[in-house]
Amino acid sequence: MIKVMFVCLGNICRSPMAEFILKDMVKKRGIAADFVIASSATSTEEWGNPLYPPAARKLAQEGVPTTPRQATQLKKSDYDKYDYIIAMERRNIENIKRICGGDPENKVSLLLSFAGRNDNIADPWYTGNFDITYDEIVEGCEGFLSQCFSK
């Protein structure tokens, strides 16, 4: 079982998009039973809020199914529960390490690093461009799956 936690600042745009995109990818490959996939925030500012409507619209436009959800915050105990804690941007990595008390098992990484890039996922909350964010998340998730199954 591969357990993945995606993390962004508020858990209403990027990290839930990544959660739903990866869930869709593994379902289409027939390997969904091999994964536990979730998402959370480093902050509490959006706690309890649903998926941001423009993010939901972009996922629907791309045929990616979603389920009702509420933003939650990453907990220190999540570090032990998940194999991979994948951040959308470098600032998230710093906050993940603060919340979890470090990263002694090297579980924390940047999503686009799986695609050979050291870039942040564009934050559509500020850019308003959900197309770029979607494409970058897909690129990172494809790279993640390639690395998972090349080991």
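These are my notebook entries on a predicted model of one protein chain.

**Entry 1: overall build**

I began with the elements and found six helices and four strands in the protein chain. Read from the N terminus, they run β-α-β-α-α-β-α-β-α-α. I then looked up the extent of the chain: its C-alpha atoms fill a box of roughly 40 × 35 × 30 Å along the principal axes. A compact globule of 151 residues would have a radius of gyration near 15 Å, and the 14 Å of this chain agrees with that. I noted that 53% of the 151 residues count as buried. The accessible surface comes to about 7300 Å², and carbon and sulfur atoms hold 49% of that. Among contacts with a separation of 6 or more, 76% are between residues 24 or more positions apart.

**Entry 2: the sheet**

I asked in what order the strands lie in the sheet. The order is E2-E1-E3-E4, in an open sheet with parallel pairing. Strand E2 (35-41) and strand E4 (108-110) are the edge strands, since each pairs on one side only. Neighbouring strands are turned by 25° against each other on average, with direction ignored. I followed strand E1 (residues 2-8) and found seven bridges joining it to E2.

Helix H4 (residues 90-100) packs on it and touches E1, strand E3 (84-87) and E4. The direction of H4 makes about 170° with that of E4. Helix H6 (residues 130-148) also packs on the sheet, touching E1, E2 and E3. For H6, the angle with the direction of E1 is about 155°.

**Entry 3: salt bridges**

Side chains of opposite charge can pair when their charged atoms come close. I counted 14 salt bridges in this model. I looked at Asp-131 and Lys-58, whose closest N and O atoms are 2.7 Å apart. This pair links distant parts of the chain, with Asp-131 in helix H6 and Lys-58 in helix H2 (residues 53-61), 73 residues apart. Are the two partners buried or exposed? Lys-58 is buried at 5% relative accessible area, while Asp-131 is partly exposed at 41%.

Asp-78 and Lys-75 form a salt bridge at 4.0 Å, N to O. Asp-78 counts as buried because its relative accessible area is 4%, and Lys-75 counts as partly exposed at 45%.

Last, I looked up Arg-91, which forms a salt bridge with Glu-89 at 2.9 Å between the closest N and O atoms. Glu-89 is buried at 9%, and Arg-91 is partly exposed at 40%. Shared partners join Arg-14, Glu-89, Arg-91 and Asp-123 into one network of salt bridges.

Technical notes:
Residues numbered from 1 in each chain as written. Predicted model: local features only at pLDDT ≥ 70, side-chain atom pairs only at ≥ 80, totals over all residues. Heavy atoms only, no water. Pairing = 2+ DSSP bridges. Helix = DSSP H or I, 4+ residues; strand = E, 2+ residues; numbered from the N terminus. Axes fitted to C-alpha atoms, helices over the stretch in contact; angles between N-to-C directions. Contact = heavy atoms within 4.5 Å. Rg over C-alpha atoms; globule rule 2.2 N^0.38 Å. Buried < 20%, exposed > 50% of the residue type's maximum accessible area, 1.4 Å probe, protein only. Areas by Shrake-Rupley, 256 points an atom, 1.4 Å probe, with all protein chains shown as cover. Salt bridge = Lys/Arg side-chain N within 4 Å of Asp/Glu carboxyl O.
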